Amino acid sequence: MSIVDTAKQTAQGLVQSALEKLVPLAPDSWIPGGKPDPLIARKHGLIGTPVSRLDGRLKVTGAAAFAAEHRFDDMVYAALAYATIPRGRIAAIDTHAAEAAPGVVLVMTHLNAPRMAPPPVFGSSPTAVGASDLPILQDDRIHWNGQPVACVLADSQEQADYAASLLDVTYDTDPSTTDLAGARANGVEQGLFMGQPLLNEIGDAQAALAAAPHRVDQVYRTPRHNHNPIEPHAATLAWVGDTLVIHDASQMVTQQAQTMADVFGLKTEQVRLTSPYVGGGFGSKGLWDHQIIAAAAAKLSGRPVCIALSREGVYRIVGGRTLTEQRVAIGAQADGRFDALIHTGLSVMTPHNNMPEPFILGTRAAYAVPNMLLKVEIARMNMLANTFMRAPGEAVGTFALESAIDELAVDLGIDPVELRIRNEPDKDPTSGLPFSSRHIVKAWRQGAERFGWQDRPTTPGSRQDGEWRIGTGCATGTYPYYRMPGAEARITLTRDGDDVTAMVEVAAAEMGMGTSTTTAIVAAERLGLPLERVDVGYGDSTIPGAIMAGGSQQTAAIGAAVIAAHGELVGELLKLAGNDSPLAGLSADEVGSDAGGLASLDDPARRESYASILARAQRDSVTVTKAGSTPFELMHWSMHSHSALFCEVRVNAVTGETRVTRFLGSFDCGRILNPKTATSQFRGGIIMGLGMALMEETLFDERNGRIMNPSLAEYHLPVHLDVPEIDVIWTDIADPHTPMGAHGIGEIGITGVAAAVANAIYNATGTRVRDLPITLDKVIGAVDGQGSGDG
């Protein structure tokens, strides 16, 4: 990462720190969310009713065009060749055989690629989304094993793939660091995440731990994880004059278009990126080398290009979750009250980006404890740059924290659910801020009753069915509420006789989680229109604003932007209504939308329909655009989604095989906007957590930095037979300080799942596994049925 980018992130961190001191002092009324959203009180409308995805029919019938399914005339197909050393330079590259292969149009290497600027790295500016600050095909340098070294264009994908296999590349290697011991020996540094130190110190945690009558102090390890979206990363690109048109699979449509413009020295309006459908993202569908290389190859060849990474290609150039080593130490009194909590450890990243795994994030607000030390240190390795992966930090951090709490519960002889409830904080333990909404105790009580927690075996290894040992475990999860700045909404009302339709446009992404459907629901409620009269536009960089589908924040960002645009629309309609309207003399604050028009909030009889207002003003339509408020609420309240997770497992005493037989997630995530899509979101996160617990692991060759299992045949994911029926419930208590009273739900599902599984395995066998994934070799110590040992 460059000195300039590091300085920018440091400056941003200083500004953030200053605001965090000032904003909490402001009155609630000055803060977004200080006055509850009117939609919170509306209990009998669309919000909270199950609605099928509006794009569902298009997807199941094949009518939804994904990134690789777009077609341009005279289009060619791309294949990449990847470096096989971790660090060094290209000594020679022989392209003759590839160029002579059938159908080949172009072989592009660093020797003939157009000149391009390095992509601005994520976090260096509000629109920068580069994975690292490295130049792409601009020199002979190799920075990781898997870096693209050439691109072949051909008339068919098969011809391009074959020609790429004919490239002959030789390398001169430089010294590299590809093992954890070597990285640690080179020195560690303080970790940063989004410009701020991953460090919290409250009281004297070490002294309090030493003095505590009950202690647990263990090290937990999590491996590398790779992204495996159903849709491999792809893009279809064409230069139309001086404009670059990109059909992509992107979670960050506007920002990615701007970064592409920066790479090619273009004006913002010279790049148009569309991404209406994304077949799975989870943090990975951003800007990587393949889009930039394809755009350069299209420019050099003068022909449109389709590039679709193979599954192996995804592993070579798309980052994932990096490994962690975490120490969790908890000191407690005999009644279970925590005296000290230490959560420290090591994460790994590259020299060219700043994306550690921030595993302490979930610990910061989880439990009441007077003495706390939280710290993430970083070691550097020559490898593929890390990136966001569903619940970055929280997913792996809760495995360590919640496993340690289970170990402490065993030592104390206290029920694990009760131990967590006894340490429930009344305010944020690290920031001191009040919670905007926190009902995790209710989630625990409801979940325990529904799961039948009272029937769990209290003695590990005591319940069995033939050769199967049966156990149950629990864990809690937490994920912050985020609402990133930059969101805008454009609302257009169009009159058709006595009827009006609305188009709501947001620069958002739809990855199948139901964002467009939820946006339509919220907009229909806000505008007082039937759902069938509201259309949603999204996934196009020409739409104003910038909304990233990440951090479980997109619904909040869209909601705040629609609130702002609706206020602007009401003001514009009142101007058009004039003095002849029943609404004459009312201000925008005194008027709301209802039943296809505007009505006085104090006197609902004073109303006029949208169609009437537009007709009298001789207008067919009205359009407004407005940005959402700055998200100061994040600095005024401590805001989080929460979960209470319950798991039942069977472990075979002969083979060590683990089967998850029951799972229940009890969630506290504010108001649930669409129960149908929310249930799917929660279950999907839990399934991803089961994979993390039991099978997912990227095998990294520490001799040469190469990923050894770059396929779904070798990188194991849960399939139908691995997943039980998953029960999902929620509190559905609105947060009075968020748009619609809702919190994000995309990432809370995975958070805590691995710990719940590990704790259930301990209850079943007496074997404590502290290293993920929990493969059968780590629990094979339970085969004698004695219920003892660590794995």
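Biologist: Which helix axes come within 8 Å and cross at roughly 30°?

Modeller: In this predicted model, the axes are those of helix H10, residues 394–412, and helix H18, residues 753–765. H10 passes H18 in a right-handed crossing.

Biologist: What makes the meeting of H10 and H18 a contact, and which residues make the contact?

Modeller: Contact requires heavy atoms within 4.5 Å. On the H10 side the contact is made by Thr398, Phe399, Glu402, Ser403, Asp406 and Val410. H18 contributes Ala754, Ala755, Ala758, Asn759 and Tyr762.

Biologist: How do the residues of the contact of H10 with H18 divide into nonpolar, polar and charged?

Modeller: Six are nonpolar, three are polar and two are charged. Asp and Glu count as charged, and H10 brings Glu402 and Asp406 to the contact.

Biologist: Why is Lys285 called buried?

Modeller: Buried means under 20% relative accessible area. Lys285 has a relative accessible area of 0%, so Lys285 is buried. The residue is found in the loop between strand S14 (271–274) and helix H8 (289–301).

Biologist: What lies 3.0 Å from a polar atom of the side chain of Lys285?

Modeller: The backbone oxygen of Glu231 does. A polar contact is a pair of N or O atoms within 3.5 Å, and the distance here is 3.0 Å.

Biologist: Which residues is Lys285 in contact with, leaving aside its neighbours within four places in sequence?

Modeller: Lys285 is in contact with Pro229, Glu231, His233, Ala249, Ser250, Gln251, Met252, Val278, Gly279 and Gly280.

Biologist: How do you know that S2 and S4 pair?

Modeller: Two strands pair if there are at least two bridges between them. Strand S2, residues 88–94, and S4 have two bridges, so they pair, in the antiparallel sense. Gly88 stands opposite Ile142 in S4, and Arg89 stands opposite Arg141 in S4.

Biologist: Over how many bridges do S2 and S6 pair?

Modeller: S2 and S6 pair over six bridges, in the antiparallel sense. Asp94 has Asp168 as its bridge partner in S6.

Biologist: In what order do the three strands form an open sheet?

Modeller: The order is S4-S2-S6, and the pairing is antiparallel.

Biologist: What makes S4 and S6 the edge strands?

Modeller: Strand S4 (141–142) and strand S6 (168–173) each pair on one side only.

Definitions and conventions: Residues numbered from 1 in each chain as written. Predicted model: local features only at pLDDT ≥ 70, side-chain atom pairs only at ≥ 80, totals over all residues. Heavy atoms only, no water. Helix = DSSP H or I, 4+ residues; strand = E, 2+ residues; numbered from the N terminus. Axes fitted to C-alpha atoms, helices over the stretch in contact; angles between N-to-C directions. Left-handed = near helix turned anticlockwise from the far one by under 90°. Buried < 20%, exposed > 50% of the residue type's maximum accessible area, 1.4 Å probe, protein only. Polar contact = N/O pair within 3.5 Å; in protein donor to acceptor, adjacent residues only side chain to side chain.
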